[in-house]
Amino acid sequence: MNSIAQTEIIKGNIQVKKRSFRVGNKLLKTGLISWVGLLAIWTIAAHFSDPQFLPSPLATLQAAIVLGSDGSLFVYMGYSFARVLAGWVLGNLVAIPIGLFIGTNKVVRSLFEPILNFVRFIPPLAFITLFMMWFGIGEQSKVFLIMYATFFVVTINTLTGVLSISEDKIRSAKSMGATSVQILLHVIVPAALPYIFTGARLAMGSSFMAIVGAEMVAANQGVGFMIWNARLYFQTDWIFVGLVVLGLMGFCMDRAFGFFGKKVLNRYNVIS
Amino acid sequence: MVSIANKEEQSIVIRDLSKAFTNDVGEQSAFVLKQVELTIKKGEFYILLGPSGCGKSTLLNIIAGFLESSGGELTIHEDNKRNQTNRGFVFQSADSALFPWLTVEENIGFGLKMKKTPTDERKVIVEQYIELAGLKGHHAKFPKELSGGMKQRVQLARVLANDPEILLMDEPFGALDAMTRRTMQKELIRIWQETNKTVIFVTHDIQEALLLGQKIGIMSVGPSSKISDTYEVDLAYPRQLTDVSFNKLYNQIQSHFDE
């Protein structure tokens, strides 16, 4: 039989457990555990391996400090980021109106959809050489490549968003006296926004893929160039700096975009 | 005198109307509607009653101007121009009809905003219909924060804010629970009596039809359905389910659907 004191102790234990569970839950949400875990596994793996083959996190950090001290790392990051941002923004500016146009027009859709579904399977990397021929080896070809990488994801998402709008919404707007232009701006665009947002977000990923490829093939600047260049000097740690920096840039850009979605587009129910 | 004379005016007249859908290659299906005859007076509360799939929603959509008829005549206010704005449509599903990115207030003000009504004036009108629909205190809420009944109130207020002459309602309370439905039915009668709109209300619920309608048009089972019988319901509002004549009418109408 439990005495009152014992019950109190048991209760106390449960409370402590509950509290520690809550703390654990919070910790889990910050993602800290995942990061520490990843670093730990990396460190252990590096410990049993040749630093030329797999440098440790510490060695990578040291390399990053070396690369950062003369500013070259930041210049590379700046170049890559500027290319991605320019291509991604321009790609969205082209893709969203086209997606809306295709989505709202049956004839246009039946004309474009087959081609769209053909071309979108050609990866941006396959176009690098061609784009260099067409647009030169300067910034233009890289920005175009990112635009290409962005275009299909965003167009198809926008199109899907338009097609998923319930007929009732359009009809009710019409019966309340909205013109076609008003329906486009006040019903179709806001209703499709969650899809457009998700498309733009996915396109960020493909943009980073495309830029690194382009910088490896033809560039004297950028993180992709840095990684490719490191190969010549057998600087595996530089490669790792490049990888981490790419992940970090993508992560920050995604978070910033998600934050923008939450603050500005919250009422449109975007997933951020 | 004038108001009495107006009451007798015809609002909607339908003669020999038919509807068949065509598919992508232009083939016509069997007639959904055939030889539909219908006359509705101004200010009347008219019920289109029929089993599921009889084409009553199709008929309502044709009256709304959302669908074209395949033949026959449709006259609205002695005018067969397709001016959509004098008809307000309340959809069955508030979720698919309301704009989830707009607040209650903004949803109700949508039509006025599209017509570029000055902001001050719009605010006054929106406030008026928020009050009429019993939505006070919910101004700034988004549709997802409201219950099913409240959402239908928003839809009703949103349509009324455009001051339509005709209110078309497609099973608007079909998805609500029984208690909420009763409340909404009472509210609708109150609003109808206050605003004097012509109402066409589609339902498959005989009880609902008898609680609400002045006239009930019974649609035959499709295909080629038409309005086979019309009942005048000469009972005072609010109507009682236990009333003897109510039950008599109920059984009479029910007999149409018994095989």
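Chain A has a mean pLDDT of 90, and 94% of its residues reach 70 or more; pLDDT is the predictor's confidence in each residue, from 0 to 100. The model is predicted: local features need pLDDT of at least 70, side-chain atom pairs count only at pLDDT 80 or more, and totals for chains, interfaces and linings use all residues. Residues are numbered from 1 along each chain as its sequence is written, while chains are lettered from A and ligands numbered from 1 in the order in which they are written. Helix α1 (residues 4-30) of chain A has the lowest mean pLDDT, 71. Helix α4 (residues 72-104) of chain A has the highest, 96. Helices (H or I, at least four residues) and strands (E, at least two) are DSSP runs, numbered from the N terminus.

The interface between chains A and B was examined next. Chain A contributes 16 residues to the contact and chain B contributes 20 residues. Two residues are in contact if their C-beta atoms, placed from the backbone, lie within 7 Å. On the side of chain A that touches chain B, α8 (167-175) and α9 (180-217) of chain A each supply at least two residues. The most come from α8(A), with six residues. By class, this side of chain A has five nonpolar, six polar and five charged residues. Ala, Val, Leu, Ile, Met, Phe, Trp, Tyr, Cys and Pro count as nonpolar, Asp, Glu, Lys and Arg as charged, and the others, Gly among them, as polar.

The largest nonpolar core has 124 residues. Such a core is a set of buried Ala, Val, Leu, Ile, Met, Phe, Trp, Tyr and Cys residues joined through C-beta atoms within 7 Å. A residue is buried if 20 or more other C-beta atoms lie within 10 Å of its own, exposed if 12 or fewer, and partly exposed in between. The largest share of this core, 16 residues, comes from α9(A). Ile146(A), Ala157(B), Leu168(B) and Ile200(B) have the most contacts inside the core. Leu168(B) touches residues including Leu60(B), Ile63(B), Phe89(B) and Ile200(B), not counting residues up to four places away in sequence.

Backbone geometry has exceptions in chain B. Most residues other than glycine have a negative phi, and most peptide bonds are trans. Gln35(B), in strand β2 (residues 28-41) of chain B, has a positive phi of about 55 degrees. Gln35(B) is partly exposed, with 15 other C-beta atoms within 10 Å. Ser224(B) lies in the loop between β8 (215-219) and β9 of chain B, and its phi is near 55 degrees. Ser224(B) is partly exposed, with 17 other C-beta atoms within 10 Å. The peptide bond from Tyr237(B) to Pro238(B) is cis, with omega near -10 degrees.
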